[in-house]
Amino acid sequence: MRKHRQAPSSTPAVKLTPTFDSTFPLPSWSLASCSVADTECLGAMIGNGVQGGEVFALYGEVGTGKTALVRGIATGLGAAPRSVSSPTFVLIHEYRGRLPLAHADLYRLESVQTVPHLGLEEYFDGRTIVAVEWAERAMSELPIDRVEIRFAHRSETERTIILTATGPYSHQALTNIFDRDSSSATQGIITSLPKSS
Ligand SMILES: Nc1ncnc2c1ncn2[C@@H]1O[C@H](COP(=O)(O)OP(=O)(O)O)[C@@H](O)[C@H]1O
Ligand SMILES: [Mg+2]
């Protein structure tokens, strides 16, 4: 069985309030983040639990915490977390942890037509963890089986974050990440949303 990796001790304990949305048609997990530390901790959970090849498509307005989540993923993977920021001059940054992490931010993408030239597909190698901010600008380039993460403002410091699996590999990945995490910091805070009938 895969050995559970604890997040670095610098990762703060999260105290998140579950939110519910039974209307979601796909397996979804929902939570309320009360601080940037919460969002980074969720990212660290993801980084701890990924097995390789997971693709995360991130959606949400500027300032909702997409980059903060990727910073947490890098922390959980054991990559240098402080180095993760929105890529400014290039659209894709690579980080080295126990698995490679590719972080794309398509905010500055001038045209959807330029996506095929980004080389995103090079990272879909079954091993690299791929996180794409503004994923709606690269929909046709993303694998069908991916984790969609939607961020929304609730207040200055609160965000709603909903994670949805669009295929069996992503579903298994989220199940591994959330159901196997038995640390006291995270137990009971993530709630699996029921499938709608
Ligand atoms: N709960 C929260 N989760 C994430 N970021 C938060 C939260 N509350 C406040 N913030 C602030 O919002 C901003 C999020 O920035 P960033 O992660 O770059 O967002 P995005 O990549 O979506 O544009 C940061 O300044 C962060 O401190
Ligand atoms: Mg960003």
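Thr39, Gly65, Lys66, Thr67 and Ala68 come nearest among the 19 residues around ligand 1. Helices α1 (36–49) and α2 (66–77) are the elements that give two or more residues to this shell. The model is predicted.

**Shell around ligand 1**
- By residue class, the shell around ligand 1 holds ten polar, five charged and four nonpolar residues.

**Strands β2 and β8**
- Strand β2, residues 28–33, is mostly covered, with five of its six residues buried.
- β2 runs antiparallel to strand β8 (residues 159–165), and six bridges join the two.
- Within this pairing, Ser33 stands opposite Arg159 of β8.

- Strand β5 (residues 100–105) is largely enclosed by the rest of the structure, because five of its six residues are buried.
- Strand β4 (residues 92–96) pairs with β5 in the antiparallel sense over five bridges.
- A hairpin of three residues joins β4 to β5.
- Glu94 stands opposite Ala102, which lies in β5.
- β5 also runs parallel to β6, joined by five bridges.
- Asp105 has Glu133 in β6 as its bridge partner.

**Trp134**
- Trp134 lies in the loop between β6 (129–133) and β7 (147–153).
- The phi of Trp134 is near 60°, a positive value in a residue other than glycine.
- Most residues other than glycine have a negative phi.
- Trp134 has 19 other C-beta atoms within 10 Å, and a residue needs 20 or more to be buried, so Trp134 is partly exposed.

Methods: Residues are numbered from 1 along each chain as its sequence is written. Chains are lettered from A and ligands numbered from 1 in the order in which they are written. This is a predicted model: local features need pLDDT of at least 70, side-chain atom pairs count only at pLDDT 80 or more; totals for chains, interfaces and linings use all residues. A residue is buried if 20 or more other C-beta atoms lie within 10 Å of its own, exposed if 12 or fewer, and partly exposed in between; C-beta atoms are placed from the backbone. Helices (H or I, at least four residues) and strands (E, at least two) are DSSP runs, numbered from the N terminus. Two strands pair if DSSP finds at least two bridges between them. A residue is near a molecule or strand if its C-beta atom, placed from the backbone, lies within 6 Å of it. Ala, Val, Leu, Ile, Met, Phe, Trp, Tyr, Cys and Pro count as nonpolar, Asp, Glu, Lys and Arg as charged, and the others, Gly among them, as polar.
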